[in-house]
Structures are given as structure tokens and as C-alpha cells.
Amino acid sequence: QQKIVFKTRKKIEPAQVKEAEKNLRIEFGEDFVLFRWSEIIGKIIPKSKVYKIPFFDSREVKVYSPWRQCPLGYHWVREHDRQKKTLEDVDPHCRRNPSNKDLLKGEEMDFIANSDLFLNPSIKVSKNHLGMLLVNLEMQNQFDYLIEGWTAYWNDTLKPKEPLHPNIVKALIASESTFKLKSKAKNKEVGFARGLIQITEETQAILKNLKGELSNNLASLSDDDIWDPNKNICAGVRWLYQKKFLLDHRLKRETSWKEVLMEYKGKTKYKSKENTRVKNDLERYLKIMDKK
């Protein structure tokens, strides 16, 4: 076990010390314990005789996810031109997020979707035909690897008590867009809903707002990204997690993913024939996918 003595003029909260210890272990793979100078030798050895190590900002310890090409708290910037006094090429690189929050952008979503972890998830989605008219099996299953990969990614990143199963995501896509890439619907309250998981304009704005309702793990999509199945599913699954977080807090209990499906679709606040139909459709899709 490594011991590090730190000295700082600023008051350091215990939680910051614990966070620094945690990040040191992630970065170096060893066990570290930080000791305040005043707690161990400050009262024994004169201040002038002690070698003092300034306390560091734990954000300077870069923490990597096995899924990502950038440290957490950074995002990937593709190669591009930049105009200053002259036009210059900027190589692709990792850029720190101003808020230090984790932020996924389109370029990195594409990188992740081609990684070994993404392409070899442990939990597979059902390939049973859902019995939808005018939707053949090939059309229905063409996005399975994206559903599996992003479900695995967000499960690993957000670590819920009850992991999300990819069948839940597939049932949502079936209900929202019937697997049509260009599906689009208008809602006067939240703007147009677009793509496979019908991400609204309001949701798109929330998912990339560093000062918004998401505490961390954001997903930033451009208007073009919305129509890309890989990016649409990535952001849609992330939003499904946020809907569960909000529903748990509203009901003051741990909710099921089936309940969250209805919350995502805005069908939980009152009973109606339409809401009952949607619930029955979702339950039918999940029941079919549960069959071996």
C-alpha cells in the first residue's frame, strides 16, 4: 500500500480525498492512502523540515473506460480545419469538457460501435419475429448489434441495480418507429420526434446540455446524427436510463424497465384506450422475445 502525504493551504473535504484515492487506484492499479501533513507529522516535526507534497486536483488523474478512446471527462474531436491568422489543420485529439462531465459525441459513438467490446456483448437480443405487419424479419433484426452494443455500454457505464435487457430496447423501437429509419412525428410540446427511438427536439437539447438535468454521461447529437441508427440508439438508450431515474424519484421506489417503457412513451399518467393498446403491444413484443 502506497502512502502519500499532502499539504495544502486550502481546506480539503474528506470526499475529495476519497475521490483522489479512488482515481489513483484506477490510474495506477495500486492501493493508495492519502494522509494530511497535519494529521501524522505536523505536530512532531517543524514545518520547515518537512518535504511537502501539494494536494492535487483529482480531475488531473485521467480515468479511462475500456470502451473509449478518450479519458472520462474528455470528448473526441475529429480532424478539422481552423481559421486563425491562416488556415491550419487540426489533428484529431481528445479535448477536456469544460464541465469535466463525461460527454459522447457522434465521432466517438462511431468509434465505440466498431470496438470488440461493442461487437461481442454477453447478452443478446431476441431474433424472434414480433408479428408486425409489413415488417419482415430482416428489417426487424437489422439493428440488433447496435441494440446489444449500446445496451451493454450503458449498463457498464451507469451500473443500474437491474441491468437493462436489449429486448426492452428492441420493444421500444418496434413501438416507436416500427424499425423505420426516417420515422418522424410532431408534438407541439416537445418538438419533432425523429429516428428509430423517436428522440424529440427537447430530449436532444437535454442530452447535450452540460448544465441541464443530467448529472453526467451526456450524449450530444447534431440534427444529422439524429437520423443515424447508431447514434440514435445510443442517445435513446441513455434517455431511457434518465426516464427510469425520474420515474424512480417520482414514485419513490425502484421501478421496472417495463414501467419505464410506458414512461418513455408518456403513457403512465392516466388510463385510456390508447395507453392500454400501447401497453398491450409492448407486453406482446416482450412475451414473444422471451420465447426460446
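Predicted model: local features only at pLDDT ≥ 70, side-chain atom pairs only at ≥ 80, totals over all residues.
Two rings of Phe, Tyr or Trp (taking the six-membered ring of Trp) count as a pair if their centres lie within 6.5 Å; planes under 30 degrees apart are called stacked, over 60 edge-to-face, and the rest tilted.

View 1. Residues are numbered from 1 along each chain as its sequence is written, and side-chain values use heavy atoms, with hydrogens and water left out. Here, ring pairs join W67, F118, W150, Y153 and W154 into a cluster.

View 2. The whole structure holds five aromatic pairs. One of them is W67 with Y153, edge-to-face at 5.4 Å centre to centre and 90° between the planes. Both W67 and Y153 are buried (under 20% relative accessible area, 1.4 Å probe, protein chains only).

**View 3. Y241 meets W257.** These two also pair edge-to-face, with 5.1 Å centre to centre and 75° between the planes. Y241 sits in helix 9 and W257 in helix 10, so the pair ties together parts 16 residues apart in sequence (helices are DSSP runs of H or I, at least four residues, numbered from the N terminus). Y241 and W257 are both buried.

**View 4. Charges over rings.** Look for the charged end of K244 over the ring of W257, 5.7 Å from its centre. R238 lies over the face of W154, 5.7 Å from the ring centre. To count, NZ of Lys or CZ of Arg must be within 6 Å of the ring centre and within 35 degrees of the ring normal.

Terms used. Buried < 20%, exposed > 50% of the residue type's maximum accessible area, 1.4 Å probe, protein only. Helix = DSSP H or I, 4+ residues; strand = E, 2+ residues; numbered from the N terminus.
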